[in-house]
Amino acid sequence: MRNVEGEPALILRRTEYGESDLIVSLYCRSLGKLSALARNARKSRKRFGAALGVFTLSEVALQAKEKSELWTLVSAEPVRSYELLASELATMAQAAYGTELVRELTPTEHPEPELFDLLAGLFESLTRDGASVGRLRVFEMRLLHTLGLAPVFDACSDCQTRELAEGAILDPSRGGVLCRSCAPNARGYGVRSLDLETINYLADAQRCEQLRDGDLLEGRSCAIDARQAMLSLLYWHVGKPLKSVDFIAKLSNKS
Ligand SMILES: [Zn+2]
């Protein structure tokens, strides 16, 4: 038996279990992603209160059983509720997207405190300043970087040339781009052509260290191509469609 107390955690997903329980997927700052059984969480609202709401940062106490991946949630106290996120569609969609990416891309019980801070930082940024396409691109880049999956945009993955003035071909299976000469070698899911402006946009997003630096990317005409390129890369890593993406696509078509 192992007990953990005072652990900062973000709620990634809630799944109903049995008559009255919940299984919550958590991203814990010093434990990484894990699943925990919250007994009676649906029967008694008092038991965990608002601590298990989506977009909530809570401090949790957990108990691990031997030979079981499922932890037991002993207690949870809300520290910061980003409830504002749910009141506006665009911010909620971006928060849900960030949450889904962390949930789908992170290995179980592999702690990355930087990743916890990145997702909490996204919620903070969305709550304070609203939705931002540029900041979301930076979030994706930081996430891939932290997971050791940073894409390469400034050199051909085959011949290593940096002469990409005529544009390049994105090949998600190689985690980067191919120059025009090596283009016939591109294969697989999500292969697409990128012009120089889009390549530069993606390289700029990758150089940003803070989410707010993404404000420099706002208003550039290749933003939609850059978004499609990032989705191709992320789909390749996740291996299945992302639910929150359809929602964001519908929103952007309206605006
Ligand atoms: Zn090449």
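1. **Secondary structure.** Seven helices and nine strands make up the count for the protein chain. Note that this is a predicted model.

2. **Overall dimensions.** The chain has 255 residues, and a compact globule of that length would have a radius of gyration near 18 Å. The value here is 20 Å, which agrees. Along the principal axes, the C-alpha trace spans about 60 × 40 × 30 Å.

3. **Burial and contacts.** Of the 255 residues, 37% count as buried. Take the contacts between residues at least 6 apart in sequence: 60% of them join residues at least 24 apart.

4. **Domains.** The chain is divided into two parts. Domain 1 covers 2-83, and domain 2 covers 132-254. Their C-alpha centres lie 34 Å apart.

5. **Strand β1 and its partners.** Strand β1 runs over residues 2-17. It pairs with strand β4 (residues 56-64) in the antiparallel sense, over seven bridges. Within that pairing, Glu 7 has Val 60 of β4 as its bridge partner. β1 also pairs with strand β2 (residues 21-28), again antiparallel, and here there are eight bridges.

6. **The β1-β2 hairpin.** Tyr 17 stands opposite Asp 21 in β2. Three residues lie between the strands of this hairpin. Gly 18 takes a positive phi there, near 60 degrees.

7. **Cys 28.** This residue is found in strand β2. Why does Cys 28 count as buried? It has 21 C-beta neighbours inside 10 Å, and the cut-off for burial is 20 or more. Leaving aside residues up to four places away in sequence, Cys 28 touches Glu 7, Ala 9 and Leu 34. Glu 7 is also the residue bridged to Val 60 in β4. Another residue to check is Glu 109: it is 81 residues from Cys 28 in sequence, but the two C-alpha atoms are 8.8 Å apart in space.

8. **Helices α3 and α4.** Helix α3 spans residues 113-129, and helix α4 spans residues 133-146. They pack at an angle of about 170 degrees, with their axes 10 Å apart. That angle makes α3 roughly antiparallel to α4, because angles over 145 degrees count as such. On the α3 side, the contact is made by Glu 114, Leu 115, Leu 118, Leu 122 and Ser 125. On the α4 side, Arg 135, Phe 139, Arg 142, Leu 143 and Thr 146 make it.

Methods. Residues are numbered from 1 along each chain as its sequence is written. This is a predicted model: local features need pLDDT of at least 70, side-chain atom pairs count only at pLDDT 80 or more; totals for chains, interfaces and linings use all residues. Helices (H or I, at least four residues) and strands (E, at least two) are DSSP runs, numbered from the N terminus. The radius of gyration is taken over C-alpha atoms; the globule rule is 2.2 Å times the number of residues to the power 0.38. A residue is buried if 20 or more other C-beta atoms lie within 10 Å of its own, exposed if 12 or fewer, and partly exposed in between; C-beta atoms are placed from the backbone. Two residues are in contact if their C-beta atoms, placed from the backbone, lie within 7 Å. Two strands pair if DSSP finds at least two bridges between them. Domain bounds come from an automatic or database domain assignment. Axes are lines fitted to C-alpha atoms, for helices over the stretch in contact, and angles run from 0 to 180 degrees between N-to-C directions. Angles under 35 degrees count as roughly parallel, over 145 as roughly antiparallel, 65 to 115 as roughly perpendicular and the rest as oblique.
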